[in-house]
Amino acid sequence: MASYEHPYSPRDLQLPGYVPLSLSQIDIVLPYLGSSVVVVAAIWFLSGRFPKLSKTDRLLMCWWAFSGLTHIILEGYFAFVPDFFKKKTPFYLDELWKEYGKGDSRYVSRDSAIVALEGFTAAIEGPACLLVVYAIASRKSYSYILQFAICLGQLYGCMVYFVTSYLDGDNFATSPFYYWAYYVGANGFWVVIATLIAIRSWKKIISVFESGNKKKTK
């Protein structure tokens, strides 16, 4: 199978059968951002039909829907389609992951730790995120516990992601732009939001236990 010169770092990375990107960065990024906006807008609109939900709850539903679909569709595709960078007639998601590989070439090289991490995220955390959307909308008692558990999983995944890169030399980005925009920016987004939701969920859980203890002592 013929291979083309790839744009990834390190330059001596071996990618047998690699097929170059056929879409530009704009053609890849804009549809992703556009579809994300559509998902968020749709959930925001639908959540407005539940009058008892606060704006915070509605925003959380938007986040968990976006997060769950990202895990299942994007990360699931990466984990379970190992030859995405070899396809001569690539699908959009093949192109997306080849583009993201400029920020972290471990994706195109199919690093075993990354594949395992993304596979777990897609199979377990993705559906759990969508379950949270339902739990918030229907005001289920397990909502905060589930959110806290998923946030811990996401934060652990991010820690493994960054630490393994550091231990392996942290030399997987094509340029500083891709390093900060893709590797740090895209993943740092999850770290910040997961941390904030985990803190909020923990406070809500503690509040419920404290109010329960007060009732028992009366």
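Predicted model: local features only at pLDDT ≥ 70, side-chain atom pairs only at ≥ 80, totals over all residues.
Let's start with helix α3, which spans residues 92-100. This helix is mostly covered, with eight of its nine residues buried.

Thr-89 has 71% relative accessibility, so it counts as exposed, the cut-off being over 50%. Ser-22 sits 67 residues away from Thr-89 in sequence, yet their C-alpha atoms are 9.2 Å apart in space.

Now for helix α5 (residues 143-167), where you'll find Leu-167. Leu-167 counts as exposed because its relative accessibility is 64%. Together with Tyr-156, Met-159, Val-163 and Tyr-166, Leu-167 makes a nonpolar surface patch of about 610 Å².

On to the rings: the structure holds 24 aromatic pairs. In one of them, Phe-84 and Phe-85 have ring centres 5.8 Å apart and planes at 85°, so the pair is edge-to-face. Both Phe-84 and Phe-85 are buried. Tyr-179 and Trp-180 also pair edge-to-face, because their planes lie at 80°, with the centres 5.3 Å apart. Trp-180, at 57% relative accessibility, counts as exposed.

Finally, look for charges over rings. Arg-110 has its charged end over the ring of Phe-78, 4.5 Å from the ring's centre. Over the ring of Phe-172 sits the charged end of Arg-106, 5.3 Å from the centre.

Technical notes
Residues numbered from 1 in each chain as written. Heavy atoms only, no water. Buried < 20%, exposed > 50% of the residue type's maximum accessible area, 1.4 Å probe, protein only. Helix = DSSP H or I, 4+ residues; strand = E, 2+ residues; numbered from the N terminus. Patch = residues over 30% accessible without salt bridge, like charges linked within 9 Å, V, L, I, M, F, W, Y side chains within 5 Å. Areas by Shrake-Rupley, 256 points an atom, 1.4 Å probe, with all protein chains shown as cover. Salt bridge = Lys/Arg side-chain N within 4 Å of Asp/Glu carboxyl O. Phe/Tyr/Trp six-rings, centres within 6.5 Å; stacked < 30°, edge-to-face > 60°. Lys NZ or Arg CZ within 6 Å of the ring centre and 35° of its normal.
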